[in-house]
Amino acid sequence: MATARRVLPEPKAERSWGGVRVGAKLRDPKLHYRKEPRRLPPGSYGNAGSHVEVTAVPVPGRVYGRRWLVLLLFSLLAFVQGLVWNTWGPIQNSARQAYGFSSWDIALLVLWGPIGFLPCFAFMWLLDKRGLRITVLLTSFLMVLGTGLRCIPISDLMLKRRLIHGGQMLNGLAGPTVMNAAPFLSTTWFSADERATATAIASMLSYLGGACAFLVGPLVVPAPNGTSPLLAAESSRAHIKDRIEAVLYAEFGVVCLIFSATLAYFPPRPPLPPSVAAASQRLSYRRSVCRLLSNFRFLMIALAYAIPLGVFAGWSGVLDLILTPAHVSQVDAGWIGFWSIVGGCVVGIAMARFADFIRGMLKLILLLLFSGATLSSTWFTLTCLNSITHLPLTTVTLYASCILLGVFLNSSVPIFFELFVETVYPVPEGITCGVVTFLSNMFMGVLLFFLTFYHTELSWFNWCLPGSCLLSLLLILCFRESYDRLYLDVVVSV
């Protein structure tokens, strides 16, 4: 094994990190140094025969307290984007009465989320070329336009519905950044023993925003009363519309505050990189995409993520519609969706923190999570078919099965993200996660597209859950893990 040498770089090897020349002669003895190029040995870190270029450049490893402020601003933006995306699913019955939405409209309002991922590769390119600040500012500005469009006071219901659809589309365009940039942010600002935790917080807050929509919508907006007389129904319709507009105005105000905060302070990178991996050279955009599409191991684990998470995201977006045949009220459906995602967020952050302490266990964690997801999704699907299976269909069983399913699937997201980056390093984090979230949203979009035509009977949608979880479990089982980025930080740093 080659030994580490303190070798000063040639002048042409110098490059800039936030105005500081990385590669110049630095006298601080606490700085990390990178080794000469070599092949990684077979074992727990790195693939046998893989070649990671590591130049002899001193890299300062330092973290700054402001990293938590950057993480907070990004997480709040992701939270509100998820909240706005899931505004209409939990109150779909009220929205029908207030604005005349059809089942096709409700499905399309949720479908704008995956549609917003169509220009995902453009946002990936922007993140890779222009950095985190420009990308986040553009994302928050799109959200300001989208939420503002929904608040324009117009009495014409047809035009109002079109404005609401336009606002949801603009909010959907913000999805690629809030879903993809979490690993990029954690690598840029956090040390190796904090990266998984930072990735979990930044990525889970978007799901938590969607969960809060299950809580805020049904609690603020009353459900329609179909047994009311005509005059009472008209009064109820006006009251429901006023309450929905109050929610829309509140979301618009919060988005404006976050946009102002990011405009005032959101630096693209710290003055000095926090780790060796953060300062290392990455592949270009074109080479990265080619590397990802030709890497069979990456495609295997990407499908293990995209299929079940895409199915679950679409299923969660219309949970109220799915539970209506089981005579579950709008409020109960909201609480079920809320606790399933909140549980997943809490467990996901806890799992990521565990992965920071016990490294090299990502595959085992995913196997455990998807074993539980397969069992809980099967339980829920069979419970909904109680006329055939004779399983008890109660509020307790629905709560338990849905919450367990959300916990197992949602908590796997940050673990997947870290495994993606480790598998294909030195491909940039934003490009890697952009490809997998694009695939996930495409699967969700296909399912919701079929839902617009086959929305009268939804048992087929429920069966997609255990089928996708079982397929993912088999793919993870066959996957051979590697930790090239972790090897660079832990072994090469001296």
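A residue counts as buried here when its relative accessible area is under 20%. With that in hand, let's look at the aromatic rings of this predicted model. By this cut-off, both W88 and F101 are buried.

Searching the whole structure turns up 16 aromatic pairs. Two of them are set out below.

| Pair | Centre to centre | Angle between planes | Geometry |
|---|---|---|---|
| W88 and F101 | 5.6 Å | 70° | edge-to-face |
| F370 and F416 | 5.7 Å | 75° | edge-to-face |

In the second pair, the planes of F370 and F416 stand at 75°, over the 60 degrees required, so the pair is edge-to-face. Here too distant parts of the chain are linked, with F370 in helix α16 (residues 362–384) and F416 in helix α19 (residues 412–424), 46 residues apart. F370 and F416 are both buried. These two residues also belong to one aromatic cluster, together with F298, Y305, F417 and F420.

Helix α16 has another partner worth a visit. Its axis and that of helix α18 (residues 395–410) come within 8 Å and cross at roughly 150°. The angle is over 145 degrees, so α16 is roughly antiparallel to α18. Their crossing is left-handed. F370 turns up again in this contact, where the α16 residues include L369, F370, W379 and F380, and those of α18 include L398, L404, L405 and F408. The contact residues of α16 and α18 comprise 12 nonpolar, 6 polar and no charged.

Methods:
Residues numbered from 1 in each chain as written. Predicted model: local features only at pLDDT ≥ 70, side-chain atom pairs only at ≥ 80, totals over all residues. Heavy atoms only, no water. Phe/Tyr/Trp six-rings, centres within 6.5 Å; stacked < 30°, edge-to-face > 60°. Buried < 20%, exposed > 50% of the residue type's maximum accessible area, 1.4 Å probe, protein only. Helix = DSSP H or I, 4+ residues; strand = E, 2+ residues; numbered from the N terminus. Axes fitted to C-alpha atoms, helices over the stretch in contact; angles between N-to-C directions. Parallel < 35°, antiparallel > 145°, perpendicular 65-115°, else oblique. Left-handed = near helix turned anticlockwise from the far one by under 90°. Contact = heavy atoms within 4.5 Å. Nonpolar A, V, L, I, M, F, W, Y, C, P; charged D, E, K, R; others polar.
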